[in-house]
Amino acid sequence: MYEILIGIHAVLGLIIGSFLNVCVLRHNTGRSLQGRSGCMSCGSTLQARHLVPVLSWCFLQGRAACCGVRISKQYPIVELLTAFLFAFIAVLMFPPLLHTVALFLVCLLILITVYDALHTVIPDEWVYAFLVTAIIFRSIILLGTGDNLFETVLYTLFCAISIAAPLYFLWFITQGRGIGFGDVKLGLGIGALLGLANGLLALGLSFVVGAIFSVGILLPLPWYIRIFKGCGLLANTPKPSFTMKSEVPFGPFLIFGTLLIWFLTLTFGETSILGFLGLASL
């Protein structure tokens, strides 16, 4: 029964992931979420057999059935990621209300990640929905321990502002060139979801991963080419397209750090991780 529940969530995640792709592609385009899906290249209406999550992309070898244009790997990646995260939430065996809120949080974070990665913009309606949902999730958790409702909400808001504050400072001193204001708003939801100490951990992890990624794409590419070609791993390598002035979205790194710390705390307990790092008093 337990394995069946996880499998159901994985399949549901594939279906929801396909819907999330539609949300990302149609957001701010003037198109509603209703109506049949069509090819982004020739406009042909897609048949049901072409819309099976992951499988259709694999069977079509990543190309549209109508015109043969290449289909972005975004589609199967988002579907598989959603399936994995849904299955993980199922493993935690939350009560029904908390379970539903957790699944909705996952959907919002995936939406924000993909849209920011594509457009370097975080839609206000999604980031504010994340903030409200994070407050609800955190409040349910704290109320379950016997905390007062007013104090719980007040503390959650304090954590939200505390985590957003350093992001706001970075945005302010760089005049928006270091990070966007959408990342500051995202920090509110991160603080509300994780609390003060774990929120700081997520921030630190995000900056480390973001720095590693940025350094990796800015290092002299010819140096990489010589090494990999020497190992026989590269054939044709495109010219580098990133420079110091390139805009790299920070939202996906923030969400990566948030999801990792969130899932670790849900799995092993908040105090166990903080205690290991000597932060249990925060």
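**Helix Packing and Aromatic Pairs**

The secondary structure of the protein chain comes to eleven helices and zero strands; helices (H or I, at least four residues) and strands (E, at least two) are DSSP runs numbered from the N terminus. The model is predicted, so local features need pLDDT of at least 70 and side-chain atom pairs count only at pLDDT 80 or more, while totals for chains, interfaces and linings use all residues. Residues are numbered from 1 along each chain as its sequence is written, and side-chain values use heavy atoms, with hydrogens and water left out.

Me: What percentage of the 282 residues of the protein chain count as buried?
Reply: A residue is buried under 20% relative accessible area, exposed over 50%, and partly exposed in between (1.4 Å probe, protein chains only). Of the 282 residues of the protein chain, the share that counts as buried is 37%.

Me: Among contacts between residues at least 6 apart in sequence, what percentage join residues at least 24 apart?
Reply: A contact means heavy atoms within 4.5 Å. Among contacts in the protein chain between residues at least 6 apart in sequence, the share joining residues at least 24 apart is 69%.

Me: Are α3 and α10 roughly parallel or roughly antiparallel to each other?
Reply: Axes are lines fitted to C-alpha atoms, for helices over the stretch in contact, and angles run from 0 to 180 degrees between N-to-C directions. Angles under 35 degrees count as roughly parallel, over 145 as roughly antiparallel, 65 to 115 as roughly perpendicular, and the rest as oblique. The axes of α3 (residues 74-92) and α10 (residues 251-268) come within 10 Å and cross at roughly 20°. The two helices α3 and α10 are therefore roughly parallel.

Me: How many nonpolar residues has the contact of α3 with α10?
Reply: In this contact, Leu85, Phe88, Ile89 and Leu92 of α3 meet Leu259, Trp262, Phe263, Leu266 and Thr267 of α10. Ala, Val, Leu, Ile, Met, Phe, Trp, Tyr, Cys and Pro count as nonpolar, Asp, Glu, Lys and Arg as charged, and the others, Gly among them, as polar. The contact of α3 with α10 has one polar residue and no charged residues, and its number of nonpolar residues is eight.

Me: Is α4 roughly parallel or roughly antiparallel to α10?
Reply: The axes of α4 and α10 are 8 Å apart and pack at an angle of about 155°. That angle makes α4, relative to α10, roughly antiparallel.

Me: Is the crossing of α4 and α10 left-handed or right-handed?
Reply: A crossing is left-handed if the near helix is turned anticlockwise from the far one by less than a right angle, and right-handed if clockwise. The crossing of α4 and α10 is left-handed.

Me: At what angle do the axes of α4 and α5 cross?
Reply: The contact of α4 with α5 divides into 20 nonpolar, one polar and no charged residues. The axes of α4 and α5 (residues 124-143) come within 9 Å, and they cross at roughly 150°.

Me: Does Ala102 count as buried or exposed?
Reply: Ala102 is found in helix α4 (residues 96-119). Leaving aside its neighbours within four places in sequence, Ala102 is in contact with Ile89, Phe94, Phe137 and Trp262. With a relative accessibility of 0%, Ala102 counts as buried.

Me: How many aromatic pairs does the count come to?
Reply: Rings of Phe, Tyr and Trp (its six-membered ring) pair if their centres lie within 6.5 Å; planes under 30 degrees apart count as stacked, over 60 as edge-to-face, and the rest as tilted. By this rule the number of aromatic pairs is twelve.

Me: At what angle are the planes of the Tyr155 and Phe158 rings?
Reply: Tyr155 and Phe158 both lie in helix α6 (residues 149-173), three residues apart, about one turn of the helix. Their ring centres are 6.5 Å apart, and the pair is tilted, because the planes are at 35°.

Me: How many residues apart in sequence are the parts that Phe207 and Phe250 tie together?
Reply: Phe207 and Phe250 form a tilted pair, 4.9 Å centre to centre with 40° between the planes. Phe207 is partly exposed at 36%, whereas Phe250 is buried at 11%. Phe207 lies in helix α8 (residues 196-218) and Phe250 in the loop between α9 (221-230) and α10, so the separation of the parts in residues is 43.

Me: Is Phe84 buried or exposed?
Reply: Phe84 lies in helix α3. The C-alpha atoms of Phe84 and Ile6, 78 residues apart along the chain, are separated by 9.6 Å. With a relative accessible area of 54%, Phe84 is exposed.
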